[in-house]
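Please look over the sequence and the structure shown here before reading the notes that follow.

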Amino acid sequence: MDDEAPGGSPLSELPADSRPLDDVIELRLPADTNHIPLVRMLAQAVAARSDYALDAIADVKMAVDEACAQLVGTAEPGAAMNCRFQAGPENIRLAVDARTRHSQPPSDRSFGWHVLSTLATGVSARCEPDSGGAYRLYIELDLSPGAAW
Amino acid sequence: MTPPPTARRRDEYAHTAPLFEQLAALPADDPGRARLRERLVTEFLPVAEHIATRFTGRGEPREDLVQVARIGLINAIDRFTPDRGPDFLSFGVPTIMGEIRRYFRDTGWSVRVPRRLKELHLSLSQGSAALSQSLGRAPTPSELAEHLGLELTEVHEGLIAGNAYQTLSVDRPVHDEAEPLSLADTLGEDDVELEHIENHEVLQPLLDELPRRERAILVMRFFGGLTQTQIADRVGVSQMHVSRLLSQTLEQLRGKLTDEA
């Protein structure tokens, strides 16, 4: 379940002075359900600052909820979750990761995955070996202002 | 348009009394019941709107109040029997008001939010409804700022403040059979996409348990490909309300799916 190559960004084609700075915002917090609202609020603020339509902002919040819930659901007890938002001119990319004991990412045929792929234009998940025989689950979402279409 | 005094209103609706008698006389499975019920709902819609209007200015969008009042009206029509007395209004009006009061009790700010932010949130909601109408899609924060004559940062602030706003309607069944949700119903009954979900045999009964409106909204968004704004338009509530209902329904389903696993 590999993500598409990140290359070919239209950013580099813009003249330097009109090229928006890539806006990267990172948040690290316990992989715990109680903390998901923090990520959701940050997601909302990022989408609002990118001037997404109100329903797209609401979709971003729901997508973040779902991605974090999947991550928290499989995270090792006491694990931290890393969230990285990158707001570009075309979309917002969210990458979340946490340590897990599972070697496989969540099924792409679950209801949660269906929700994610409805809300985001791109979704990918992968597990990579981490220290101490554990793994790290990465979930990445591409959230566009017109994800709904 | 000023509301007519109650006395006049009662006369105005005198012709509905025989309809209630007819309805009461029909057996439960008579196909004529639905038609009569619909006619009665239509006759009394202005009453529901009038009551909803009386509750505006308290921080809730009018369209949401009207929707709640209509649900109250349908409840009242279903529960009213002519042996309660000849006058439906003396039963219906308190029932509708009760539904609205319950909505106010279950919906609101979960933490103390300054009045300025509450008002800001309400004007965002109203501005968003107006702009959605004229644009044919949901507005962006900058469009809202321009429309309302606000600073962009204020709009951002108001949207964030909306997180402290909640509605608990997912937890109680909503009686809304008269809502025009036939599209969603069709999608829900014969859904190919749902079949492709691996735990659909677990999911289906959970979906069936949901209040009808919540299920319809969920199906329209996740299996019907409609945007929240399109759903809001169809169901007759604000996009912000659709958003709250969707998030809550998803959260509820996530909890139950995890329990089942």
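Chain A and chain B touch each other, with 26 residues of chain A in contact with 28 residues of chain B.

- Where pLDDT is low, the predicted coordinates should not be read in detail.

**A hairpin in chain A**
- Strand β4 of chain A, which covers residues 122–129, pairs in the antiparallel sense with strand β5 of chain A, which covers residues 135–143, and the pairing runs over 8 bridges.
- Within this pairing, A:Val123 stands opposite A:Leu141, a residue of β5(A).
- The hairpin of β4(A) and β5(A) has 5 residues between the strands, and A:Gly132 takes a positive phi near 65° there.

**The side of chain A that touches chain B**
- In the contact between the chains, 26 residues of chain A meet 28 residues of chain B, and the elements of chain A that give two or more residues to this side are α1 (36–49), α2 (54–74) and α3 (111–119).
- Of the elements on this side, α2(A) gives the most, with 9 residues.
- Sorted by class, the side of chain A that touches chain B holds 12 nonpolar, 7 polar and 7 charged residues.

**Chain B as a whole**
- Chain B has 14 helices and 2 strands, and 33% of its 261 residues count as buried.
- Among the contacts in chain B between residues at least 6 apart in sequence, 66% join residues at least 24 apart.
- According to an unreviewed UniProt entry, the annotation "domain: RNA polymerase sigma-70 region" covers residues 40–109, 125–189 and 206–254 of chain B.
- Residues 206–254 of chain B are 80% helix and 0% strand, and the end C-alpha atoms of this span lie 10 Å apart.

**One residue of chain B**
- B:Pro205 has its place in helix α11 of chain B, which covers residues 200–209.
- B:Pro205 counts as exposed because it has 10 C-beta neighbours inside 10 Å, and a residue is exposed if that number is 12 or fewer.
- Between B:Pro205 and B:Met97 there is a separation of 108 residues in sequence and of 33 Å in space, taken from C-alpha to C-alpha.

Conventions:
Residues are numbered from 1 along each chain as its sequence is written. Chains are lettered from A and ligands numbered from 1 in the order in which they are written. This is a predicted model: local features need pLDDT of at least 70, side-chain atom pairs count only at pLDDT 80 or more; totals for chains, interfaces and linings use all residues. Two strands pair if DSSP finds at least two bridges between them. Helices (H or I, at least four residues) and strands (E, at least two) are DSSP runs, numbered from the N terminus. Two residues are in contact if their C-beta atoms, placed from the backbone, lie within 7 Å. Ala, Val, Leu, Ile, Met, Phe, Trp, Tyr, Cys and Pro count as nonpolar, Asp, Glu, Lys and Arg as charged, and the others, Gly among them, as polar. A residue is buried if 20 or more other C-beta atoms lie within 10 Å of its own, exposed if 12 or fewer, and partly exposed in between; C-beta atoms are placed from the backbone. UniProt positions are given in the numbering used here, feature names are shortened, and annotations may be inferred rather than shown by experiment.
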